[in-house]
Structures are given as C-alpha cells and as structure tokens.
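Here are my notes on the model you sent. Please read them with the structure open.

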Amino acid sequence: MSDLGSEELEEEGENDIGEYEGGRNEAGERHGRGRARLPNGDTYEGSYEFGKRHGQGIYKFKNGAQYIGEYVSNKKHGQGTFIYPDGSRYEGEWANDLRHGHGVYYYVNNDTYTGEWFAHQRHGQGTYLYAETGSKYVGTWVNGQQEGAAELIHLNHRYQGKFLNKNPVGPGKYVFDVGCEQHGEYRLTDTERGEEEEDEELVTVVPKWKATKITELALWTPTLPKEPTSTDGPGQETPGAEGAGEPREEVQALLEGFEGEMDMRPGDEDADILREDSQEYDQEQFRYDMDDGNINSEEETRQSDLQD
C-alpha cells in the first residue's frame with residue numbers, strides 16, 4: 001500500500017478542509033500542537049509549523065495504517081515507524097516521504113530485513129533473515145534485489161560469493177561446520193520449460209553449482225608467546241609433533257578426485273522462503289561420495305561386531 005500522506009487535501013483553502021483543533025500563529029496558520037481530521041478520513045495529531053506538519057506526530061490512515069515519527073514540511077522525514085494494514089512495519093529513517101537511510105522492516109511472514117535503504121528500496125548493505133528456516137542473506141543489495149558480494153548462511157554451512165538478480169553467480173565456496181571448504185563456481189544453464197509458440201521456446205536460466213576442489217578450513221589462531229625451551233635431552237620429540245600440519249583424514253579423502261554439481265535456487269525474500277533441510281554433520285562420520293559429488297554423513301555398519 002502507499003504510505004504517502006494526504007497533505008494536498010489538508011491545506012486550508014479547499015472546499016472541505018476537515019476539522020482542526022490546536023494552536024495557530026498570528027497569520028492564522030496551524031502552529032504548535034494540534035489535532036486534525038482530514039477530508040479523506042485520515043487523522044493527524046502532533047506538531048505544526050506555519051500550517052504544515054512539522055516535528056513529532058502520529059498520522060492514522062482510515063484503512064488502519066499509521067505513521068509515528070518525525071515530519072518536515074508535511075513530509076515524513078527523520079526517524080519514524082510505519083505500520084501497514086497487513087501487520088508488517090518499518091522502523092527507521094525517512095527522507096521526503098520515502099524509506100531512506102538505515103532501517104528494519106518486519107514482514108508479515110516474520111522475515112526481517114535490517115540494513116540500508118535508498119529511495120524506498122533496500123539498497124546497500126543489509127541482512128535478510130528467513131524466519132522459517134533460520135537462514136540469512138548478509139551482503140549487498142541493489143534496487144531491492146540481492147546483488148553483489150554476499151554470504152548466505154544456513155544452520156550448518158554457508159555460501160560465500162557474488163549474487164546477481166537474487167541468484168549466485170561466478171566463483172564462490174561453501175564453508176561447512178565440519179571443518180572444510182568446497183570451492184567452485186555457479187554457471188548459468190538453460191532449462192526448457194516448453195513451447196510458447198511454434199518457433200519460440202520459453203527458457204529459464206538456472207544457476208548450477210560446479211565444484212572444483214575441497215580444502216581444509218583455514219582457521220584463525222592467535223599468536224602465543226614462545227614456550228621455554230625443553231630441558232629434555234637432544235633429539236627429544238614433542239608428543240604429537242609427527243605429522244603436524246597435515247590435513248585430517250576426512251578432509252584428505254575429499255581432496256582426491258573431487259568433482260560434483262549442486263543446485264542452488266534462492267527464492268524471493270518476500271514470498272519464496274528457503275526450504276533447505278538442515279542436516280547435522282558429525283566429523284567422525286563425514287565422508288565424500290565419489291559417485292554423485294555430494295557431501296553426506298552416514299553411520300558405518302559394524303558387521304565385524306555382529307560376527308564375533
């Protein structure tokens with residue numbers, strides 16, 4: 001719905017100027033605190049200056065929406081909260097009647113967007129939280145769309161890369177909580193939907209993940225002070241030093257001959273909720289399926305125990 005005011009109907013001089021109770025200046029203009037009923041049924045209570053809404057006020061629309069916040073010359077400008085008829089609301093900065101600056105939008109499906117706005121649209125850096133799955137998009141927005149460098153975070157893994165028109169594109173990587181990273185890139189592929197006319201086919205472009213390699217997760221470690229030199233005899237080895245710096249067995253197995261594909265189709269943030277099934281990865285049960293290129297976790301069968 002539109003959240004613009006009805007100031008053009010409120011100006012005195014029209015045939016129906018509504019009702020007003022409050023302060024006026026020497027010129028007879030509304031000035032100071034006042035309460036008004038507009039000709040269209042909307043109401044406003046708050047500050048006026050030289051005949052216009054100016055300062056803190058509450059504007060109630062007859063359809064149930066309302067704005068609580070700052071005005072400058074009849075325009076929503078500054079900090080304010082707009083509550084829409086469907087129950088969604090925006091809390092943040094306004095400029096010339098538009099969402100502009102930093103703000104939080106609470107959607108009717110309990111999703112939230114927190115970040116920058118420009119001319120009424122999500123634009124700049126922002127975070128969109130999908131309430132149903134707990135996943136969230138953290139990164140760049142352009143004209144209301146997910147576009148640019150970003151991170152798509154799920155319960156036990158995350159994707160880091162670039163997005164275009166809400167879809168991942170180009171090089172990126174998946175980071176798994178078990179301690180490894182899957183590198184690759186998203187390539188656009190055409191999927192035929194059917195024939196619209198005899199000579200024309202309706203084609204949908206779908207991003208498809210092409211994995212190239214898996215590496216061990218590069219963890220940050222703080223710089224610790226050097227320990228005193230051991231007083232043991234020469235040639236004494238530190239326990240556990242042998243093989244230090246080598247990848248774990250699970251990750252080493254993944255490094256050999258990895259190649260696979262993965263589909264990723266993030267939905268629209270306002271309607272299509274991400275419905276990816278979360279799966280816990282146990283580090284001791286982690287292995288790589290070389291046939292289909294997917295990462296799975298499964299329990300090993302203990303046949304030897306049953307035979308004893």
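A polar contact here is a pair of N or O atoms within 3.5 Å; within protein, one must be able to donate a hydrogen and the other to accept it. Please keep in mind that this is a predicted model.

1. Gln-182 and its partner. The side chain of Gln-182 makes a polar contact with the side chain of Trp-209, at 2.9 Å. Gln-182 belongs to strand E15, which covers residues 180–195. Is Gln-182 buried or exposed? Its relative accessible area is 1%, so Gln-182 counts as buried, the cut-off being under 20%.

2. The chain as a whole. The protein chain holds three helices and 19 strands. It has 308 residues, and 34% of them count as buried. The accessible surface comes to about 19000 Å². Carbon and sulfur atoms account for 46% of that surface. Take the contacts between residues at least 6 apart in sequence: 30% of these join residues at least 24 apart.

3. Strands E2 and E3. E2 spans residues 30–37 and E3 spans residues 43–49. The two pair in the antiparallel sense, over six bridges. E2 and E3 form a hairpin with five residues between them. Gly-41 sits in the turn and has a positive phi of about 100°.

4. Strands E3 and E4. E3 also pairs with E4 in the antiparallel sense, over six bridges. Thr-43 stands opposite Lys-60 in E4. The hairpin of E3 and E4 has two residues between the strands. Check Phe-50 in this hairpin: it takes a positive phi near 55°.

5. His-54 in E4. His-54 lies in strand E4, residues 52–60. How accessible is His-54? Its relative accessibility is 25%, so His-54 counts as partly exposed, a class that runs between the 20% and 50% cut-offs.

6. What His-54 touches. Set aside the neighbours of His-54 within four places in sequence. His-54 is then in contact with Tyr-44, Ser-47, Tyr-48 and Glu-49, and also with Tyr-71, Val-72 and Ser-73. Which backbone atom does the side chain of His-54 reach? It reaches the backbone nitrogen of Ser-73, at 3.2 Å. Asn-74 is worth a look too. His-54 and Asn-74 are 20 residues apart in sequence, yet 6.3 Å apart in space, C-alpha to C-alpha.

Notes
Residues are numbered from 1 along each chain as its sequence is written. This is a predicted model: local features need pLDDT of at least 70, side-chain atom pairs count only at pLDDT 80 or more; totals for chains, interfaces and linings use all residues. Side-chain values use heavy atoms; hydrogens and water are left out. Helices (H or I, at least four residues) and strands (E, at least two) are DSSP runs, numbered from the N terminus. Buried means under 20% relative accessible area, exposed over 50%, partly exposed in between (1.4 Å probe, protein chains only). Contact means heavy atoms within 4.5 Å. Two strands pair if DSSP finds at least two bridges between them. Accessible areas come from the Shrake-Rupley method with a 1.4 Å probe; for residues, only the protein chains shown count as cover.
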